[in-house]
Amino acid sequence: MISTKTSGLGAFALAALFATSALADGTVNIYTYRQPDLIKPVLEAFTAETGIQTEVLFLDKGLEERILAEGENSPADVIMTVDISRLTSAKEKGVTQPLIDEKLNAELPAEYRDPEGNWFGVTKRARVVYASKDRVQDTAITYADLADPKWKGKICMRSGQHDYNLALFSAAISHWGAEKTEEWMKGLKANLAKKPDGGDRPQAGAIAAGECDIAIGNTYYVGLMRNNEKDPKEKEWGNAINVLFPTFENGLTHVNISGAALAKHAPNRDNAVKLIEFLASHKAQQVYAEANYEYPVEPGLEPSETVKAFGKLKADTLPLADIAKYRKQASEMVDRVGLDDGPSS
Amino acid sequence: MGQVASVNSMGSRKAVDAVRPPRHPLLRSAALLVSGIVLLPIIALVFVALSGTGEDWPHLVQNVLPGSIRSTLLLMSLVAAMTGVVGVASAWAVVAYDFPFRKTLSWMLVLPFAVPPYLAAYAYGEFLHFHGPVQGMVRALFGFQTIRDYWFPDIRTTQGTAFVLAAVLYPYVYMTTRVVFLMQGRNIADVARTLGASPRRVFWRVLLPVARPAIAAGLALVLMETINDVGAAEYFGVRTLTVAVYTTWLNRNSLEGGAQIALIMLLLVFVLLVAEQWVRRRQRYHAGRSTQMKVHPPRVRIVGLKRWAMPVTLLLPILCGFGVPLLIFGQYASRRMDQFFAPALGKALLNSLMTATLTALLAVAVALLLLNVVRLCRGRGMIAVVRLASIGYALPGGILGLGLLFSLARFDNTIDAFIRATFGFSTGLLLTGSAAAVVLACTIRFIALAEGSIRSGMEKLPAGLDDAARSLGRTPVQSALSVLLPLLRPAILTAAVLVFVDTVKELSATILLRPFGFNTLATHVYENASRGVPQDGAAAALTIILTAMVPVLLLSGALMRDAEAHL
């Protein structure tokens with residue numbers, strides 16, 4: 001764990017001014033797009049079980065570029081990130097290495113890992129519809145319905161260029177083809193209540209405020225909002241909405257994953273493998289489910305009570321690699337349709 | 001054209017050479033080396049951009065650029081107009097008029113500088129949100145129930161973003177302009193007044209032109225901050241060119257395309273700067289030589305109830321740029337007092353202080369070196385290199401950081417390969433992923449601030465000063481150290497504080513380049529807030545604002561004492 005001792009001027013100069021490559025035995029270095037707080041419970045459990053210390057570097061962009069630039073000297077052992085496209089992009093950019101591991105292959109369903117072992121999905125989340133408890137009577141909805149004029153002026157969402165929305169649109173392209181998806185996106189744009197902005201949570205806030213009736217968002221945010229003891233406002237938002245599981249024509253709901261990958265030049269390879277195995281283990285899966293309100297990838301393991309209350313998730317079986325494949329196309333479509341301009345233009 | 005110009009300058013340079021002492025090869029090479037390091041990120045980005053195929057451009061030209069150029073230009077014009085009016089008017093008000101709380105307000109007007117734009121944007125999002133205090137009051141007052149019952153201006157627009165940016169950026173204009181009004185403007189103004197010009201006429205016809213270089217310098221900083229902002233624009237869903245750089249890079253997997261857009265933006269900024277410089281080249285004589293009067297010309301005293309109009313008006317920009325963010329984060333932090341006692345916060349504060357101090361020292365040293373070499377050598381090439389060196393400020397921090405990352409990693413890996421081949425052991429990554437890289441990135445990013453304020457300080461010095469010292473037998477370097485440095489003290493202090501504060505606020509380059517476990521206050525906020533819950537980083541956000549506030553206030557006080565002592 002990161003030392004909590006306050007270091008003085010000298011320590012700053014010595015320890016930090018020049019790169020300390022954390023190569024010591026019993027360490028594993030993690031480059032992550034996931035917020036440190038979110039992975040902390042799991043990592044603490046890992047250290048408690050194995051005695052291996054974790055060093056975490058959180059980046060918001062450029063993680064792959066940093067590993068590429070560092071080359072063979074890169075201290076990164078494990079890459080942790082959300083969104084399937086970022087996992088496949090890490091593989092394509094050559095910052096991961098294949099890991100064929102019997103334990104992992106036995107524990108993780110094939111659809112949630114790279115066939116060549118370059119990445120492993122460790123949690124999943126569904127992209128669902130938040131519906132106003134007061135104003136929406138519908139108990140079921142499809143993704144196609146989001147373009148139905150009956151929702152005109154009633155839908156809120158974050159930027160169409162955000163990873164989570166791009167993954168949803170890519171899934172739509174795989175199901176419907178580009179042409180139909182573009183028509184659908186135009187309909188969705190026409191139904192927006194306001195210009196897309198902010199994150200998923202504020203969309204629930206917008207519903208609570210009466211700005212819109214439904215919104216597109218990830219499942220775990222609802223869990224985080226409803227259980228937010230520090231901010232009564234968020235609790236109110238979480239409780240103002242119902243979760244509806246929208247479906248494609250196959251009756252299944254779009255899911256995305258968060259995952260881990262073994263870094264190309266991992267200096268502590270053994271520890272890195274141990275960490276990835278741990279993330280897939282029953283214990284870690286439970287921590288993820290309870291602390292973060294994510295869905296475990298382990299078959300048969302129940303999500304937390306909060307998440308169970310949403311109803312039953314039937315996850316789409318579309319190969320995740322397909323979703324990543326259409327990302328660029330989806331991003332261009334968002335620009336072409338002008339989704340982020342909002343309903344007016 | 002270019003050839004003719006260079007022949008001319010060569011000719012005149014030769015004439016000067018005859019009487020000048022020999023060049024300073026050591027200083028010159030040092031300056032070139034330093035400029036080279038400062039330009040590293042841009043050079044790396046040029047390589048990245050050139051490696052692209054240009055396949056992104058049909059899409060960009062058709063669907064992205066028209067809109068993002070429009071919103072960027074609109075944003076820039078609105079921010080420039082607002083910061084220009086507020087900055088100049090408030091500077092004039094505190095210099096020319098006497099009213100209650102004048103002194104207090106004149107330092108408080110600098111406070112919004114302590115607030116990073118991304119925090120201000122978040123604070124306004126909350127403040128003006130349906131569930132925020134303002135709309136709550138509106139509903140309570142008029143008995144509205146839902147959002148559909150009334151109209152309320154939307155902050156999440158280009159105009160709204162411009163307002164938020166202007167609210168925290170106007171101090172740049174206020175600071176640069178006030179100094180000129182204090183040091184130079186008054187005596188000219190008094191002459192004009194004795195010649196029968198009305199105060200209003202004096203302001204428009206005499207003072208504004210005199211202050212123009214200072215206003216331009218302030219606005220240039222404001223505009224570069226506006227261009228490189230991504231936090232506020234993204235949060236409010238405004239698609240500027242900088243946002244387009246990031247979507248091209250991250251969502252369409254084309255770093256090359258992103259670098260191409262970024263470099264075109266940089267070129268535009270460079271043209272703007274050069275044009276401004278060129279236009280005001282002819283005006284230097286009016287402004288530069290005025291001597292400072294030692295008499296204290298009286299401020300216009302406002303009497304009656306009207307005198308309260310001034311402080312109330314001046315309080316507005318302070319409330320907008322500082323009061324609102326302080327209120328919002330103060331409120332959040334008060335609900336999470338435990339955050340203040342987290343060891344992580346103390347560590348982040350310490351890291352921020354160390355990084356900012358080192359960066360300020362380094363940036364001032366680099367700026368002094370470059371400007372002195374320009375002063376001594378006066379070559380056009382040198383001037384161009386120095387101007388170019390400060391352009392990095394207009395680059396989005398994350399992109400600049402990426403350019404530096406590539407350069408540093410290349411450097412480290414080359415050394416490592418060499419040592420491995422020669423001595424058989426590895427040096428690993430010396431600079432990449434170290435706090436030194438963070439300090440270097442911030443220095444490069446904010447060198448414009450140091451260079452700008454020291455240069456304007458140098459411009460204000462009488463031209464013969466240096467010659468006088470040298471005619472008394474001092475070498476150029478001695479004269480720089482013993483004569484110029486002491487006189488430049490206020491300018492150097494300003495430079496150091498500006499760089500310090502901006503480094504405390506810096507986020508994007510730091511987050512990309514830092515080592516394991518190294519948090520500054522800004523990255524600490526971001527780590528806690530990246531899930532869209534800045535409340536979780538409220539204590540650190542508040543600490544950023546307070547940490548930045550201290551040097552801002554010290555500076556403001558020091559400058560005021562200096563300036564008012566002159567009068």
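Mentor: Axes here are lines fitted to C-alpha atoms, for helices over the stretch in contact, and angles run from 0 to 180 degrees between N-to-C directions; the helices themselves are DSSP runs (H or I, at least four residues), as strands are runs of E of at least two, all numbered from the N terminus. The model is predicted, so local features need pLDDT of at least 70 and side-chain atom pairs count only at pLDDT 80 or more, whereas totals for chains, interfaces and linings use all residues. Residues are numbered from 1 along each chain as its sequence is written, and chains are lettered from A and ligands numbered from 1 in the order in which they are written.

Trainee: What makes α7(A) oblique to α15(A)?

Mentor: Helix α7 (residues 178–191) of chain A packs against helix α15 (residues 327–337) of chain A at an angle of about 45°, and their axes are 10 Å apart. Because angles under 35 degrees count as roughly parallel, over 145 as roughly antiparallel, 65 to 115 as roughly perpendicular and the rest as oblique, α7(A) is oblique to α15(A).

Trainee: Which residues in α7(A) and α15(A) meet?

Mentor: From α7(A) come A178(A), T181(A), E182(A), M185(A), K186(A) and K189(A), and from α15(A) come Q329(A), M333(A) and V337(A), where contact requires C-beta atoms, placed from the backbone, to lie within 7 Å. By class this contact has four nonpolar, two polar and three charged residues, with Ala, Val, Leu, Ile, Met, Phe, Trp, Tyr, Cys and Pro counted as nonpolar, Asp, Glu, Lys and Arg as charged, and the others, Gly among them, as polar.

Trainee: What describes the packing of α2 and α11 of chain A?

Mentor: The axes of α2 (residues 36–50) and α11 (residues 269–280) of chain A cross at roughly 115° and come within 10 Å. V42(A), F46(A), E49(A) and T50(A) of α2(A) meet K274(A), L275(A), F278(A) and L279(A) of α11(A), and the residues of this contact divide into five nonpolar, one polar and two charged.

Trainee: How many residues of α3 of chain A are buried?

Mentor: Seven of the eight residues of α3 (residues 63–70) of chain A are buried, among them E64(A) and I67(A). G71(A), which follows α3(A), has a positive phi, near 60°.

Trainee: How is chain A divided into domains?

Mentor: Domain 1 of chain A takes 21–123 + 257–301 and domain 2 takes 125–254 + 309–341, with bounds from an automatic or database domain assignment. Their C-alpha centres lie 27 Å apart, and the contact takes eleven residues from domain 1 of chain A and 15 residues from domain 2 of chain A.

Trainee: How many residues does the contact take from chain B and from chain A?

Mentor: Chain B supplies 56 residues and chain A 54 residues; on the side of chain B that touches chain A, the largest share, eight residues, comes from α16(B). Chain B comes to 23 helices and two strands, and buried residues make up 50% of its 567 residues.

Notes
Contact = placed C-beta atoms within 7 Å. Buried ≥ 20, exposed ≤ 12 C-beta atoms within 10 Å, placed from the backbone.
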